[in-house]
Amino acid sequence: MRTAPLGRFAVTATVFALITTGCATGSGNSDSSAVAKAFGSTSAAPSGQLRVMGFGADDEIGSTRLALAKKALPGVTVSLVEGDLDIQAFLSAVAAGDPPELVYANRDQIGTFASRGAVLPLDACISSQGIAVDQIAKPAIAQVTFNKQVYAVPEFNMVQIVMANSDLLGKAGVQLSQLSGQDWPAITSATKKLTASSGGKLSVIGYDSKLPEFLPLWAHSNGADLLSADGRKAQLNDPKVVEALTFANGVYQAQGGFAKVKAYRDAADFFGKENQYATGTLGAMPMEQWYVNVLNEMSPKAPLAFTPFVGKDGKPVAFASGSAWAIPAGSKNAAAACTFIKTMTAVDSWMAAAKARADARAKDKLLFTGLLTGNKTADEKIRSTFVKPSGVKAWDDAVKATYLANDNTFSLPANPADAEFKTAWQDAVNRVLNGQQQPKPALDAAQQQAQAALDKAWAAWDAKK
Amino acid sequence: MTSGLLATSKAVRHSERKSAVSAHDSRAAWLFISPWLIGFAIFTAWPLIYSGYLSLTDYDVINAPNFVGLDNYRQLAADPKIAQSLGNTLYYTVIQVPLHVLVALGLALLLQRAGRASGFFRTAFFLPKMTPPVAIGIMLLLLFNGQSGVINGVLGWFGFQGPSWTTDPNWVKPGLILMSLWTVGSSVIIVLAALREVPDHLHDAAKIDGANSWQRLVRITIPMIGGTLFFLLIVNTIASFQTFTEAYTAYFGSGNTTYSNDAALFYAIYLFQQGFEYLHMGYASAMAWVLFAIIMAVTVVQLVLSKKFVFYLGGHR
Amino acid sequence: MTAVEGTPPAASTPLVAPVAEPLPSSPATPAAGAKAAQGRQRRRPVASWLGVTLRWLALLAFSLLFVYPFLWLVSASFKPRSEVFDNRLIPRTFTFDNYLQVWREAPLGVWMLNTVIVTVLAALTVTISSAMVAWGFAYFQFRGRKALFGLVVATMMLPGAVTLIPTFLIWKSLGMVGTLTPLWAGNLFGSAFYIFLLRQFFLGLPRELFEAAKIDGANNWTIFVRLALPLCKPAIILTLLFEFQAAWTDLMRALVYLRDSSDFTVPRGLKALLDRYGFGGEWHWEIVVTASVITTVPMIVLFFLGQRHFVGGIAGTGTKG
C-alpha cells in the first residue's frame, strides 16, 4: 500500500499522456451548436446508458430523487459508480475517451475541471431543457461559473451557525450573543471564562474557532475575501485576513494552545452520545448545520443553544459549500444526462425527497430540521410545508438560524488552481497553529505561492483561448 | 559479520563449479527465464523511457503534453517544498529503517523459542499487516492523542509527560515512526526463517565452550543471518523513501480534514499532491525520476559499503 | 509484479536467505566466541528460569501490542453507532446489527468471490513463473547470466512510479480495462522478489540429484517439475502466501481498473463503503469497521494455517541437523 499512490500516479499519467497525444476525444473545444444539438430536449426519447460517477443514493433524499430521475428516463439504463468522486478515476476516464455520462462533484472542483476542458459548459443544456437556475442561490452558481459560463448545476448548501452549551454559558456568566461572531474581544474574554482545565489538562474547551477550515468565514466577516471575485487574484495577506487569523488563533492561545485543544477535540465522540455538548466539554463553536441533526438524534436532552453566525458588520453570514452536477467532455448521452440533472434539481423532486425525510424522521420520533437544497424556491416550500415548531426553543432557534444563514451566504469563485490555492492558505494556517510561524509571514508566503499557481493556471487557460 | 555470508557464497561456488552445465543447455535456460524477459521489456523498460519523456513536458492530464525541456527539473531545484519533503523523508528513513530491522530481529529471536505457541505469536505479529490500513490509521490517531491517548497514558504511569504526538512538529515524525513499526510482521517472518537456517551444532559447540546467549547472538546468529538483515535494510530503505499511507491518512486525509502538518510532508505525499491534486503530471514525473535517482544512489552506496551483499547476490564469480 | 507494485517491498519481499550449504567448520566465529566466553560462569538454573519467564512475558506483551488494533476493530464491530469510538475493548452495548446490515447493503459475497479469483490466480501465476525464472538462473550456465540477474535485482530498486507507467495503456489496448484480468495477469511474468528468493532455495539443493536424473534420461522440464519444485515446497508456500496477502489487500490496481461495483474486489468495495459511510458520508463507522473485520478474517485463517508450513518447512530443507 505504501507505494501505491506513486504507482497510481504513474499509470494514470501515462494513460492521459498517451491518449491525449493520440486520438482526439473532442474534449474542451466542443463547438456550441453540436452541444446544443446533443442536449436537444424532446425530439427523440433518450435511450442507452447513463453512468453516474461520484453520486451515491444513500439516504432518502438521494434515493427518492434518483427514482424520479429514472422514471423521467424510461429508456435509459442508469448506473451509479459507487464511492466518492475519485479525481484520478474520473480524469483518466475522460482522457481515455470513455468518461461517465454524468459526474457529481464538490462545487469547488468545477473550476479546475472546466479550465482543463474536462466538463462541458451547460448553457445549452440549461436553456434547452429549461432548468431553473434563477431559483438557485447566487453564491452557489458563482462557485460553478468559470469565465462567465455555467459548468454545473449546484445542489445542497452547507452553512454555519453558532452552537453552544447553555449550562456552561450560564455558569460562566456569558451571554450567547457575545459569541455570535460580531464582537471579537467579547469572544476572547468569554473563551477565557468558559475554558477550564484540571491537572494541566484541558477539561472544557471554551470556544473553538474551527481553524483551519473556517478561515474564509472569519476573513469575510472581517470584510475581506481570500480570493478576488474574478478568481484571478489571491488576497491572502490582506491586513484584514491577517487580523482574522491572528484573532482566531488567539482564541486557541487563550486556552493553552492549539495542540491541547485539537488533542482534546479529537478524542471526543463527535458523532456519538458522548459528544462535546452532551459531556459539557465545549462552550461554543461555529459549525455546519447538519450537526444539529446529529445532536438532535444523539443527545436531545443536552443543554443546547443556537444563534446565527454574525459578521463584524452585524449581519448574519455563512460560507456556503455543496455539490454540483456536471457533464463530462465526451459524454455519450448528454441529453439524458441533462434530463437527469433537471429532474434531480427540480422543486418537485426536492419536495418528494423532503417528504420522505420528514416521514422517516417522524417515524424515528426525531425532529425534521429542514433541508437546504441550494434551490431557494424549494427551500422555502419545504420549510413552509414540512418544518414544524418543535416546542423546544433550542431546536426552533437552530432551524431559524439555519434558514437565516442560508439566506446570507457567500462563496469563493471558481478558479483553475483551487487545490493549490487551498493548500497554500491551509498550510499557512497550520504553520501558525503549530507555532512555527506568525500570521503575517505565514500568509505572505502563502500569498506568493497561491498567486504563482493562479497565474500559471490562468495563463494556460488564456493561451488556450 | 562477513563470515556467514562468505560461507554461503563459498558453498554456492563450490557446488556450481563441480557440475558446470554444458553449453547446449543455454537454450533451455533462456526458455526458463523468458517470462521475466518479456515482462521486463513490457512492464519495466518501456515505462522507464516513457516517464522520462513525460518529465520533460508540461502536462495537465486532459490536454496533450507540451514539451518544455528541462524546465520541470529547474523548477524542482528551486522549490522549497522539495527540499523540505526530502529532508523529512531522509529523517524518517535514517531512523525508521534501522529500528525496523532491529525490532524485526528482536521479535524473531523471541519467537524462535516460543515452541508450540509460536504459530499463535507469528500470526499475532503479522496481524497488523492484514488489517485494513484505513482502520489502523484512524485508530492510531486515537492512541497517539496527546491528551487522552493510551500511549501518553502509559507514559504517565512512569511519571513522564507525553508530548503532543499529533500536532507538535517535533514529535510528528517520531510518532509516525513508532506507528510504522506496527507493520513489521513480514520482516519478522523473514528473519525467523533465516534464524531457522542457523545450524544447531554451531550453537551447541559454543554452548559447550561456555558462551552465554548474548555472545552466541553476536558471534554466531547475527553473522549467520547477516545477509538477510542486510537485505531487509536495503528493501526497507527503498520502501521508506516512498513512505506514504500512514502519514497521508493521518495528516493529509481524505478531503475532510484541513489540518495538516509540514513535518509529515514526505516526498511521496508531495509528489501525489502535484500529480493528482494540482494536476501537474509533468512535474510529478520529474519528481518521480529524481526519487528514482536518489534511491539508486543510496542503494549503490549501501552496496559499496557492504561488499558482502555483492558476494551474496552474485552467487559466484 | 504485485510485489513491486502494490505493496511496500518489505511486505512482499520474502527474502529469506537460506544458507546454501553451511560448512560446519568454516566460519571462524564460533571458535572465537567460545574463546571469549571461556572463564565465564556457566548459567545457573535460576537465571535460566528467570530468562524463560521474562521471555514469555515479553512475548505476551508484544503480541498484545500487535493484536490490539484488530481486537479494537472486532470490539467496535459489535458496538452501536454511538459507541464505536468510546475506546473500550468490551462493548457497553453488544449488538449484532452491524453484521446483518453490512450483509444486506454490500454485496460482500460477490466482492469476496472476485477477490478470491484474483488472489488465487495472482499467487499461482507469480509462483510458477518466478520459480521457472529462478530455476533458469540457478541451474543453468549461460552467457550474460550474471548481468541479467543483476538486472533482476536492480528492478527491485525501482520506485513503483517508474516501473508502472504504461501498464494501464497496455491493458487498455488489450481491451481489459474494467475486467479483473489486469489485477493478476502481470504476474505471468514473475516478480523480482520471488525470483531472488526461489533462486536462493534452488541453489541450496544438492546438484548431484539433478545430474543423476539427467543421466537417467530426464529432460530439463521433468527435472524442474518433478525434482526441483517438490524439494522447494516451503519456499513455494512462502511465495504463495506472501503474494496472496499482497493481492488480497491490493487497492491501487482495483481503483484504476475496476468500474462496476459487481466487479469490485474487497479492498475496492471497502473504499466505496468508506466513502459512503465513513469520511464524507454519514459517518457510520460501525459499518466500515464491521466490513473490515469480515474481510480480514479469511486472511487470518489462511495465514494461521499456512505459516507452520513455510517457517517450519524452511527449517526442514536439509540444512539443519
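Trainee: What does pLDDT say about chain B of this predicted model?

Mentor: Chain B averages a pLDDT of 79. Of its residues, 84% score at least 70. Local features in this predicted model need a pLDDT of at least 70.

Trainee: Where in chain B is the pLDDT below 50?

Mentor: Residues 1-21 of chain B are one such stretch. The model still gives this stretch 50 contacts beyond near neighbours in sequence. Residues 309-317 of chain B also stay under 50. For residues 309-317, the model has 19 contacts beyond four places in sequence.

Trainee: How does chain C score on pLDDT?

Mentor: Its mean is 74, and 74% of its residues reach 70 or more. Helix α5 (residues 108-139) of chain C has the highest confidence in that chain, at 92. Helix α1 (residues 2-5) of chain C has the lowest, at a mean of 33. Residues 1-43 of chain C stay under 50, with 153 contacts beyond four places in sequence. Residues 313-321 of chain C also stay under 50, with 23 such contacts.

Trainee: What are the scores for the model as a whole?

Mentor: The ipTM is 0.78 and the pTM is 0.80.

Trainee: Which residues of chain B does UniProt list as "transmembrane region"?

Mentor: The unreviewed UniProt entry lists residues 28-49, 90-111, 132-155, 175-195, 216-239 and 286-305 of chain B.

Trainee: How do you know what residues 28-49 of chain B are, helix or strand?

Mentor: Take the assignment in the model: the span is 100% helix and 0% strand. The end C-alpha atoms of residues 28-49 lie 30 Å apart. For residues 216-239 of chain B, the span is 96% helix and 0% strand, with end C-alpha atoms 31 Å apart.

Trainee: What makes β2 and β6 of chain A edge strands?

Mentor: Start with the order, which is β2-β1-β3-β13-β6 in an open sheet of five strands. Pairing takes at least two bridges between strands. β2 (76-81) and β6 (153-158) of chain A each have a single partner strand, so one side of each is left without a neighbour in the sheet. The twist in this sheet averages 15° from one strand to the next.

Trainee: How do you know that β3 and β13 of chain A pair?

Mentor: Set the count against the cut-off. Two strands pair if there are at least two bridges between them. Strand β3 (residues 102-106) and strand β13 (residues 321-326) of chain A have four bridges, in the antiparallel sense. In β13(A), A:A324 is the bridge partner of A:A105.

Trainee: How many bridges join β9 to β10 in chain A?

Mentor: Two bridges join strand β9 (residues 201-207) of chain A to strand β10 (residues 282-288) of chain A. The cut-off for pairing is at least two. The two strands run parallel. In β10(A), A:A284 is the bridge partner of A:Y207.

Trainee: What is phi of A:F156?

Mentor: Phi is near 70°, a positive value in a residue other than glycine. A:F156 lies in strand β6 of chain A.

Trainee: Which residues make up the domains of chain A?

Mentor: Domain 1 is 29-157 + 321-398, and domain 2 is 160-319 + 416-464. The C-alpha centres of the two domains of chain A lie 29 Å apart. Their contact takes 14 residues from domain 1 of chain A and 17 residues from domain 2 of chain A. On the domain 1 side, α5 (110-116) and α17 (393-406) of chain A each supply at least two residues. α17(A) gives the largest share, four residues. By class, that side has six nonpolar, six polar and two charged residues.

Trainee: How is chain C divided?

Mentor: Chain C has domain 1 (44-95) and domain 2 (106-321). Eight residues of domain 1 of chain C are in contact with seven residues of domain 2 of chain C. The domain 1 side has five nonpolar, one polar and two charged residues.

How values were computed
Residues are numbered from 1 along each chain as its sequence is written. Chains are lettered from A and ligands numbered from 1 in the order in which they are written. This is a predicted model: local features need pLDDT of at least 70, side-chain atom pairs count only at pLDDT 80 or more; totals for chains, interfaces and linings use all residues. Domain bounds come from an automatic or database domain assignment. Two residues are in contact if their C-beta atoms, placed from the backbone, lie within 7 Å. Ala, Val, Leu, Ile, Met, Phe, Trp, Tyr, Cys and Pro count as nonpolar, Asp, Glu, Lys and Arg as charged, and the others, Gly among them, as polar. UniProt positions are given in the numbering used here, feature names are shortened, and annotations may be inferred rather than shown by experiment. Axes are lines fitted to C-alpha atoms, for helices over the stretch in contact, and angles run from 0 to 180 degrees between N-to-C directions. pLDDT is the predictor's confidence in each residue, from 0 to 100.
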